[in-house]
Structure formats: C-alpha cells, structure tokens
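Let's walk through this structure one piece at a time. Have a look at the fold before reading on.

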Amino acid sequence: QELLVESGGGLVQPGGSLRLSCAASGRILSINTMGWYRQAPGKQRELVATITRVDSTTYADSVKGRFTISRDNAKNTVYLQMNSLKPEDTAVYLCNADMRSRWSGLWNNYWGQGTQVTVSS
C-alpha cells in the first residue's frame, strides 16, 4: 500500500516560518508530480504549490515569494518551506502525488492525511 505522510505543522506567530515534509512510502516504482494543497474551514481545497520530477515548480499567487517547494527524489520526499506566514495561511495542508505502484504498475493519485498549520499571535 502506497502512503503519503505529512509532518511539520504547528502553531506559529505571524511573520514566522515552518517547514512541512511529506514522505511517500510503500511499493513505489516512480513518482511524478508532487504538490501541496490546503483547506481552511468553510473553504474549498486550493493548490499551494507543485513540483515535477525535474523540479519544475508552480505556485499559487498568494504564496509566491514566501513559500518554496522542493523535493528529494532519493528519499521520495517533498518539502514546503513557508516564510513570512500570515493568519490567512491557516489551514490543513495536504500532500499530493502521482505515483506508480511497483505491485500493479499503474499510476494513481494519492493524498496524505494532512497537517494543521495555524498562524496566530
């Protein structure tokens, strides 16, 4: 069973920083695009950032210049460095990845369980 497990969330003051990690585990043959999404209470899930296997990145306008996505292909891990955090960044952050199972050979899209980020004084 392929899994995505996030870590690194927590409570931080406005202007502070956090680094999220998401590690993929299981019988993985290959991972293509990985990304971070977020969902605040009462709001729709929204894209935060994505990164391809060759490090091509995209960002939501609201986080450009403050957040940086990166990945370590050897560790099957994607990171999100979040700086200059604002109260409006408060949300559950979810990891997403397109992974090919070594068992089935098929590509599927996977979601992690999410990690809470709260920005408050």
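Start with an open sheet of four strands, in the order S1-S3-S8-S7, with antiparallel pairing. Strands here are DSSP runs (E, at least two residues), numbered from the N terminus, and two strands pair if DSSP finds at least two bridges between them. Strand S1 (3-7) and S7 sit at the edges with a single partner strand each, so one side of each has no neighbour in the sheet. On average, neighbouring strands of this sheet are turned by 15 degrees against each other, direction ignored; the axes behind that angle are lines fitted to C-alpha atoms, and angles run from 0 to 180 degrees between N-to-C directions.

A word on what you're looking at: this is a predicted model, where local features need pLDDT of at least 70 and side-chain atom pairs count only at pLDDT 80 or more, while totals for chains, interfaces and linings use all residues. Residues are numbered from 1 along each chain as its sequence is written, and side-chain values use heavy atoms, with hydrogens and water left out.

Back to the sheet: S7 and S8 are held in antiparallel pairing by six bridges, and Asp 72 has Thr 77 in S8 as its bridge partner.

Now for S11. It runs antiparallel to S9, joined by three bridges, with Val 92 opposite Gln 116 in S11. Strand S2 (residues 10-12) also pairs with S11, this time in the parallel sense and over three bridges; there, Val 12 is partnered with Val 119. Buried means under 20% relative accessible area, exposed over 50%, and partly exposed in between (1.4 Å probe, protein chains only).

What links S3 and S9? There is one disulfide, meaning a pair of cysteine sulfur atoms within 2.5 Å, and it joins Cys 22 to Cys 95 with 2.1 Å from S to S. Cys 22 lies in strand S3 (residues 18-25) and Cys 95 in strand S9 (residues 91-101), so the pair ties together parts 73 residues apart in sequence. Cys 22 is buried at 0% relative accessible area, and Cys 95 is buried at 0% too.

Finally, the largest nonpolar core has 30 residues, and Trp 36, Leu 80, Met 82 and Tyr 93 touch the most other members. Such a core is a set of buried Ala, Val, Leu, Ile, Met, Phe, Trp, Tyr and Cys residues joined through side-chain atoms within 4.5 Å. S9 gives the largest share, five residues.
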